[in-house]
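Student: I have a model open and would like to go through it. Can we start with the overall picture and then move to details?

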Amino acid sequence: VLRTLSKAWGLAGLRVGYALASVPGLSWSQTERPKPGAINLHHIGPFTGQLAGVNTEALQGAEIYFDQINATGGINGQKINLIKLDDKQDAKESARLFTELIVSGDILTLFMPRTTPAIYAMLPLAEQHRVPMFGMQTGGIQITEPFKRYAFTLRASYQDEVAFLIRQLHLTGLRKFGFLVATDAYGKDVMAGAERAMRELALQPV
């Protein structure tokens, strides 16, 4: 999917501006800046905080693939450049960074943003300003329900995942389920899927 989108961007002759380095307040997590003549993809996510490690690891996987494409000349001669911004695992900071990118006019897409609260904070901005969000690292139900034109997710929802897990455990003979739930958007979302599966199986949490 990413290769297809990248080729489409290249064939359309899309270019990303390079004025971001002068935009005040941007929290760059690395010294690399937007590169002239490149397909610049932006990522907003945690590079400090509890999820910094897993976020960095996921992006490293994407960058390995980008390196393979770049080594063969990129997309129509344009190499892919991933620009990473640290939101410090703060949804308000995510929205602020995204707003500044939108105002600058130099964002092509938001690539693999992370954390449910951050993505929920940025989704209205993406829809309003028609900026695609691609490959979100979350399964929050609000990404796809109701339908959003500029949200492109690659994973099942948290609700579908937990419901499938409970059904599979039920098939093995388990009948008693207990839950420890986080009191945030993620926890409420997951629990809605769990409760749906429990009703289908005529069970009650212990």
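**Going through the model**

Tutor: Of the chain's 206 residues, 46% count as buried. Keep in mind that this is a predicted model.

Student: OK. How many helices and strands are there in the chain?

Tutor: The chain has 6 helices and 5 strands. Along the sequence they follow the pattern α-β-α-β-α-β-α-β-β-α-α.

Student: And what share of the contacts with a separation of 6 or more comes from residues 24 or more positions apart?

Tutor: Those residues account for 63% of such contacts.

Student: What about the accessible surface of the chain? How much of that belongs to carbon and sulfur atoms?

Tutor: The accessible surface is about 10900 Å², and carbon and sulfur atoms hold 57% of that area.

Student: Switching to aromatics. How many aromatic pairs does the structure hold?

Tutor: There are 3 aromatic pairs. One of them is Phe111 with Phe134: the ring centres are 6.2 Å apart and the planes are at 15 degrees, so this pair is stacked. The pair links distant parts of the chain, with Phe111 in strand S3 (residues 110-111) and Phe134 in strand S4 (residues 133-134), 23 residues apart.

Student: Are Phe111 and Phe134 buried or exposed?

Tutor: Both Phe111 and Phe134 are buried. They also form one aromatic cluster together with Phe66.

Student: Then there's Tyr158 and Tyr186. Why is that pair edge-to-face?

Tutor: The planes of the Tyr158 and Tyr186 rings are at 85 degrees, with the centres 4.8 Å apart, so the pair counts as edge-to-face. The cut-off for edge-to-face is over 60 degrees. This pair also links distant parts of the chain: Tyr158 is in helix H5 (residues 158-171) and Tyr186 is in helix H6 (residues 185-200), 28 residues apart.

Student: On to pockets. How much space lies in the largest pocket, and which residues lie nearest its centre?

Tutor: The largest pocket holds about 250 Å³ of space. It has 16 lining residues, and Leu51, Thr115, Thr116, Pro117 and Tyr186 lie nearest the centre. Tyr186 is thus found both in this lining and in the edge-to-face pair.

Student: Which helices supply at least two residues of that lining?

Tutor: Helix H3 (91-104) and helix H4 (116-129) each do. H4 gives the largest share, 3 residues. By class, the lining has 6 nonpolar, 6 polar and 4 charged residues.

Student: And what volume does the second largest pocket have?

Tutor: Its volume is about 180 Å³. It is lined by 14 residues, and those closest to its centre are Val162, Phe179, Leu180, Val190 and Ala194. H5 and H6 are the elements giving two or more residues to this lining, and H6 provides the largest share, 5 residues.

Student: What classes of residue make up the lining of the second largest pocket?

Tutor: It has 13 nonpolar residues, 1 polar residue and no charged residues.

Student: Back to Thr115 for a moment. What is its phi?

Tutor: Phi of Thr115 is near 85 degrees, a positive value in a residue other than glycine. Most residues other than glycine have a negative phi, and most peptide bonds are trans. Thr115 is in the loop between S3 and H4 and is buried, at 12% relative accessible area.

Student: What about Met112?

Tutor: Met112 also has a positive phi, near 50 degrees. Met112 lies in the loop between S3 and H4 and is buried, with a relative accessible area of 15%.

Student: Which peptide bond is cis?

Tutor: The bond from Glu145 to Pro146 is cis, with omega near 0 degrees. Pro146 sits in the loop between S4 and strand S5 (151-152).

Student: Last one: where is Leu201, and what does it touch?

Tutor: Leu201 is in the segment after H6. Leaving out residues up to four places away in sequence, Leu201 touches Ile166, Arg167 and His170. Leu201 counts as partly exposed, at 23% relative accessibility.

Technical notes: Residues numbered from 1 in each chain as written. Predicted model: local features only at pLDDT ≥ 70, side-chain atom pairs only at ≥ 80, totals over all residues. Heavy atoms only, no water. Phe/Tyr/Trp six-rings, centres within 6.5 Å; stacked < 30°, edge-to-face > 60°. Helix = DSSP H or I, 4+ residues; strand = E, 2+ residues; numbered from the N terminus. Buried < 20%, exposed > 50% of the residue type's maximum accessible area, 1.4 Å probe, protein only. 1 Å grid on protein atoms, 1.4 Å probe; cavity = no way out; pocket = protein on both sides within 12 Å on 5 of 7 lines; lining within 4 Å. Points joined across faces, edges and corners; volume = space filled by probe spheres on them. Nonpolar A, V, L, I, M, F, W, Y, C, P; charged D, E, K, R; others polar. Contact = heavy atoms within 4.5 Å. Areas by Shrake-Rupley, 256 points an atom, 1.4 Å probe, with all protein chains shown as cover.
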